[in-house]
Amino acid sequence: MDYETSDLSNVFQELGSSTSGLTEEEAENRLEKYGFNELEEKRKITALKILVRQFANFIVWVLFAAAMISLIVGEELNFWVISSIIGFVIALGSVQEYKAEKAMEALKKIVEPTTTVLKDGKVREIMTRMVVPGDILLLESGDRIPADAKIFEVVGLKVDESALTGESVSVEKKKGDLIFAGTQIVHGKCEALVIATGMQTKLGMIAGMIQEAEEQTPLQVKMAQLAKSLAIIALVACALTFTLGLLTGAPLEGMLLIALALAVAAVPEGLPLTLTLTLAYGMHRMAGHNALIRKMLGVETLGSTTVICTDKTGTLTKNEMTVEKIFVDGGFIDTTGVGYEPDGDFYADGEKINVVENDNLAMLLKSAVLCNNAVLEKRGGKWEVIGDPTEVSLIVAAAKAGLWADDLKDEYRKIEEIVFTSERKQMTTVHKKSAEIIAFTKGAPEVILKKCKFIAKKDGIKKLDANEITGILEANSSLASSAFRVLGVAYRNVSEPLTPENIEKDPVFLGLIAMIDPPREEVKKAISACKKAGIKVVMITGDNEETAKAVARKVGLFDEDQKFEDIADEKLRKITKDGAITGSELDELDEGEFYRIVEAINICARTMPEQKLRIVRALQDKGHIVAMTGDGVNDAPALKKADIGIAMGIKGTDVARESSVMVLQDDNFATIVEAVKQGRTIYENIEKFTCYLISRNFTEVILILLGITLLGFEFLPLLALQILFINMFDEIMPAIGLGLDPIQEGIMSKNPRNPEERILKKRNLILIVSIAAIMASASFLVFILNNPEVDIGKARTLTFAAIVSMILFIPFAFRSLEEPIYKIGILTNKLLMVGVLATFLLTLGVMYIPFFQKIFEFTTLSPVDWIIPLSAALVALIFAEFIKMMTRRI
């Protein structure tokens, strides 16, 4: 049955209910049939799922294979070291993601745990999850609607559907209309028949749209590609070394150990650990800026974002209607202050005015407050509101002038109310002050004007003439064209009888009040920063086109002079016009046509959830990394599909938050810019420590290949355990220091990376191979210059010392893959300095403590002996800087 168009009697009959409600027994039967009134969590994230997710890292499996080989050949020490690293990586990743999930649970608020219903004609209060189809809901202002229902009794009902539709203006509801779960009543009351609960509601259907398989983030794809490449290199290096060794007569057992060492050396064991720490620290740092990351691998993706698709209501705007202009005494008055904070001033022609000294303005504000059912009160240092957003804005505006609703309502006692309806388009309340009875009216300006015969002017009450009516209507038209919601306000002294006709007869016109859902103060700067960073911002909203454009103009998103000369098709050029498109226009386009113009769109108005999904998909098909921000249920499917879904933590719905990768805990659009900055820094740091680790690993591979090829197995520059020690202990601390490198200046002046760009792109490969070749050559030179034929133990120790000495210098060269070391500085990354120093001291301990000397076959070096290794390391640094300079423009 189509409940929206069906007659009420037929709906009652279909659901087997009546206006007195269900019996307790029937309600229990239906609960068994339909289930609880709650949304299903089809894929709830458990601790076990989070743990299993950590095994998706390919390098973890490479390390596992290396650990198994170590165990098979009897190298138990290697087995336990590698196993410990695997365990630490998995544990740390699991803990970080589990903590994020728990933080998300803390954000959930049970707003309306109970609902008032009729059972057998008696009023009952039941748990909201116990509501079933056929129940009769008794709802009033402030109630959150628990299920989809059809109204059969109504008094002045207005519903805030912004969480579902994205529209900030409340919607009037009449008898026979549908109301939906998750929305809120802001004015009036009603009785309604429940037609759907749980997943069968409109809210539930949208929730069902987001139950899709999760897609890999760009970082996951890149790291998987890198891991496979390194695994192949490891196998090739192993096979080549093993074959060369056997061909030169090396013993099989010895070559197996060397091949194993090279296999481990070719795969940077520190990479997953450093990646995990970098992402975890990034999550922690973002949380400090009010951005909660729910999935660790999502941290970096935001930094590669090329398009941000943002909802308007509550994201770009405050979702708090605010009075900005008042038309009174034939002129405009501007008000300052944004949102529901009653702080602001009034200005006429740029000069601050005292409202109390302006009788007509004061009377206008008093009338707006008294003809009003909203509530504004301060609780725990925070202003809280109940009621229709438009009415709340009127109370806040008056409070800015020192006219407080509670005081006025004590002074003017309400004795009658004529409710607003869509037919009347006005609301009137009657108040008594001493012996005086006054009626205050507000509503559509044209309706109010039609009833008024008088107007309040500076020199008193005058008869309203045609010229003044024309001027008022022109002012109204001007405000409406700028996306303001405009109300006319009037009053009159009333005498008996208090009939509707007499109460609203020939009132005195006071003026117009214009309000708008204002942009957040920080949004304009944030959008400007996005443009500078090469990130396109697209507004996707359920509001009308003119309102969307008005907000876009204020935040610097809308360019009316934008040209689309590259779109040859006349139909498409007409639709894109000034970069704005509506949902109905979008429906007229097939996939091919929309694909051609999607990058030309800045504003999408009157869009539905499925259209938001279509927009995100089209941008992704164009190769963009798409971030989608939003707070409403209507945003959830697109949040889920986007590469990065960004939900609002305060005003966002549970469905939106559960669909997101990141939650803005302060609902501040500017936090996104900071998160982008952090994300870009994280990716650059990943590039830096990856290049550093691989270059260090390649150094050992090249060094061993040089030794076997030129000198044979007997004169290998390093032993298997020495290689493993360098890999396990000497590389990780400097790599972690690079992974946690601070944000560098100018990072938000660059365009986003090409989403297809690999970590080992051409420039990085050249850097890695060249620097590795230099370090390997320098180390090999140290080896052969120290007469390995005479004292191979000392030659190996000096070679080991040369590689270790490079830790003192080379990591600082990797702090930037483009800029020279003197521009980046050395002292600005204290963690790297500590890591380098700690690693060097640890290595010195192993080299000089007799117990470890014996295990690793080191000889004692004198201070003079260190001149050669340190000189080799310094030469390697100079060459590394030269290579960076040569590859800077690649």
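In what order do the strands of the open sheet of 8 strands run? The order is β8-β28-β27-β26-β9-β23-β25-β24, with mixed pairing. This is a predicted model: local features need pLDDT of at least 70, side-chain atom pairs count only at pLDDT 80 or more, and totals for chains, interfaces and linings use all residues. Residues are numbered from 1 along each chain as its sequence is written, and side-chain values use heavy atoms, without hydrogens or water.

**The sheet**
- Strands (E, at least two residues) and helices (H or I, at least four) are DSSP runs, numbered from the N terminus.
- Two strands pair if DSSP finds at least two bridges between them.
- β8 (291–293) and β24 (580–582) are the edge strands; each has a single partner, so one side of each lacks a neighbour in the sheet.
- From one strand to the next, the twist averages 20°.
- β26 (residues 626–630) and β27 (residues 644–648) pair in the parallel sense over 4 bridges.
- Gly630 sits opposite Ala647 in β27.

**The packed helix**
- α27 (residues 670–710) packs on the sheet, touching β8, β9 (307–310), β26, β27 and β28 (662–664). Contact means heavy atoms within 4.5 Å.
- The direction of α27 makes about 140° with that of β28. Axes are lines fitted to C-alpha atoms, for helices over the stretch in contact; angles run from 0 to 180 degrees between N-to-C directions.

**Glu320**
- Glu320 lies in the loop between α12 (312–316) and β10 (322–328).
- Beyond four places away in sequence, Glu320 touches Gly339, Tyr340, Ile516, Asp517, Pro518 and Lys651.
- A polar atom of the Glu320 side chain lies 2.9 Å from the backbone nitrogen of Tyr340.

Methods:
Polar contact = N/O pair within 3.5 Å; in protein donor to acceptor, adjacent residues only side chain to side chain.
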